[in-house]
Amino acid sequence: MISVDQAREIVISQSKAHAGALSTVRLPLSHALGHILAQEIRTDREYPPFDRSTRDGYAVRASEATPGAKLRCTNEIKAGDFVSEALPPDACVQIMTGAAVPPSADAVVMIEFTSRASDIVTFDRPTQPGQNIVPRGSEARANQVALPAGIRLGFAELAIAAQVGAATVSCYQRPSVAILTSGDEVVPVTETPGPFHIRNSNSVSIAAQVEIAGATPVSLGNAADRVEDLSGKIELGLQHPILVLSGGVSMGKYDLVESVLKGFGAEFFFDAVAMRPGRPTVFGRCRNTLVFGLPGNPVSTMVTFRLFVTPAIDILAGASPRPLPLLEATLAAAISEKARLMHFLPAHLEWSLLAPQVTALTWQGSGDISALLRANCFLVVPADRLEIPAGERVSVLPRSDVL
Ligand code: AMP
Ligand code: MG
């Protein structure tokens, strides 16, 4: 059986092979958060565009502002002002943070290192040329790449786009992800379940995970464990670049997902991963769609989505696949497992001072949603570790929606 790492590599290489030309959409910055930039954005001018003071103080000629020197303050420059006259000899001008340093001044002295009586300013310390000034063009030249194509637009990237005047940006269209759950026992959230039915929570959690990953969820509801119903709904799902199924992938008599997909001509790249929960996960390609069959237990669905569907979404969204943002934490209480599989245990991560500590939560197997209430992460137990003592450093996969 393949490992989690091997399975992720297969997903990444198949998704790259599958990603064709991506369509683009022009978005205002207010709607572009999380989108992938489809164009390069260049600086419109030099940055900073003028010699900028980084302090409130006095603009001086460094050679004149020596310890004990007294210079006459002849002017005041606020941020946004510009003074074109050169400094007269033995003079200084008061200047604010972010203001343009006047010609012939070559340093700014912090106000804290001066004293002032009327318009005479006395300097305490030696002054170095260039101090507290960011020279024009030192952060970026004009027409230089400010944001490369393919980058994910977070708040800092949006600020850079705004700074260089890109009010709208060309982004890749988000891929649509069809979601189909299956199971005779599953009823819609809006219906009253019979005594042996369960509500369709996976449809909701998968849609949320699709959005967090940066794609558009399209819910196809639930299919009964019958070939005709599954076939009809899978057919609809195959109109999207990614189809995520939950349930029906285990070895049970009514686990029909794989055989129905085969009927559509699907090619499978794996149908089991050495992990728990999530072992019967299926990944393949059917017509023009990447298909994921995730086990139906809610925790299995969440873990396998995070590990395997997210990188496919990254690639079809026009980005590089993001690495798993694993953290290291100290294990608070010993754990022991029976199977040599990589485990992803719902766990609680907390910080005492700056050191993260993680506790595995007791849970009733992978269907236990209530254990997830306290689970802000999954504790990763390598396949070769059956026992881990308290105090050892372990890897943790944080839940990106709550941490
Ligand atoms: P399966 O993978 O079909 O064998 O389902 C495994 C377990 O997950 C069963 O206990 C199901 O009742 C539960 N399950 C399956 N689908 C869903 C769903 N859409 N929402 C919540 N639980 C589900
Ligand atoms: Mg089932």
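These legends describe close-up views of a predicted model. Local features need pLDDT of at least 70 and side-chain atom pairs count only at pLDDT 80 or more, while totals for chains, interfaces and linings use all residues; side-chain values use heavy atoms, with hydrogens and water left out. Residues are numbered from 1 along each chain as its sequence is written, and chains are lettered from A and ligands numbered from 1 in the order in which they are written.

**View 1**
Ligand 1 has 16 residues around it (a residue is near a molecule if one of its heavy atoms lies within 4 Å of it). E185, N200, G248, G296 and N297 come nearest. Polar contacts are pairs of N or O atoms within 3.5 Å; within protein, one must be able to donate a hydrogen and the other to accept it, and residues adjacent in sequence count only if both atoms are side-chain atoms. A backbone N or O atom of G296 sits 2.8 Å from an oxygen atom of ligand 1. A polar backbone atom of N297 is 3.1 Å from an oxygen atom of the ligand. For N202, a backbone N or O atom is 3.2 Å from a ligand nitrogen atom. Taken alone, ligand 1 exposes 480 Å², and the protein buries 79% of that (accessible areas come from the Shrake-Rupley method with a 1.4 Å probe; for residues, only the protein chains shown count as cover).

**View 2. The largest nonpolar core.**
This core has 37 residues. Its members are buried Ala, Val, Leu, Ile, Met, Phe, Trp, Tyr and Cys residues joined through side-chain atoms within 4.5 Å. Buried means under 20% relative accessible area, exposed over 50%, and partly exposed in between (1.4 Å probe, protein chains only). F292 and F308 touch the most other members. Elements that each supply at least two residues include helix 1 (4-18), strand 13 (176-182), strand 21 (289-294) and helix 6 (298-316). Helices (H or I, at least four residues) and strands (E, at least two) are DSSP runs, numbered from the N terminus. Helix 6 gives the most, with ten residues. In soluble globular proteins, nonpolar side chains tend to be buried together.

**View 3. A nonpolar surface patch.**
L327, W351, V402 and L403 form this patch, with about 360 Å² of accessible area together. Patches take residues with over 30% relative accessible area and no salt bridge; like charges are joined within 9 Å, nonpolar side chains (Val, Leu, Ile, Met, Phe, Trp, Tyr) within 5 Å. A salt bridge is a side-chain nitrogen of Lys or Arg within 4 Å of a carboxyl oxygen of Asp or Glu. V402 is in the segment after strand 28 (393-398). V402 counts as partly exposed because its relative accessible area is 46%.

**View 4. R340 and H343.**
R340 lies in the loop between strand 23 (335-336) and strand 24 (342-352). R340 is exposed, at 55% relative accessibility. H343 belongs to strand 24. H343 is buried, at 2% relative accessibility. Its side chain reaches the backbone oxygen of L341 at 2.8 Å.

**View 5. Cis peptide bonds.**
The bond from Y47 to P48 is cis, with omega near -10°. P48 sits in the loop between strand 2 (41-42) and strand 3 (52-53). The bond from R276 to P277 is also cis, with omega near -5°. P277 is in the loop between strand 19 (275-276) and strand 20 (282-286).
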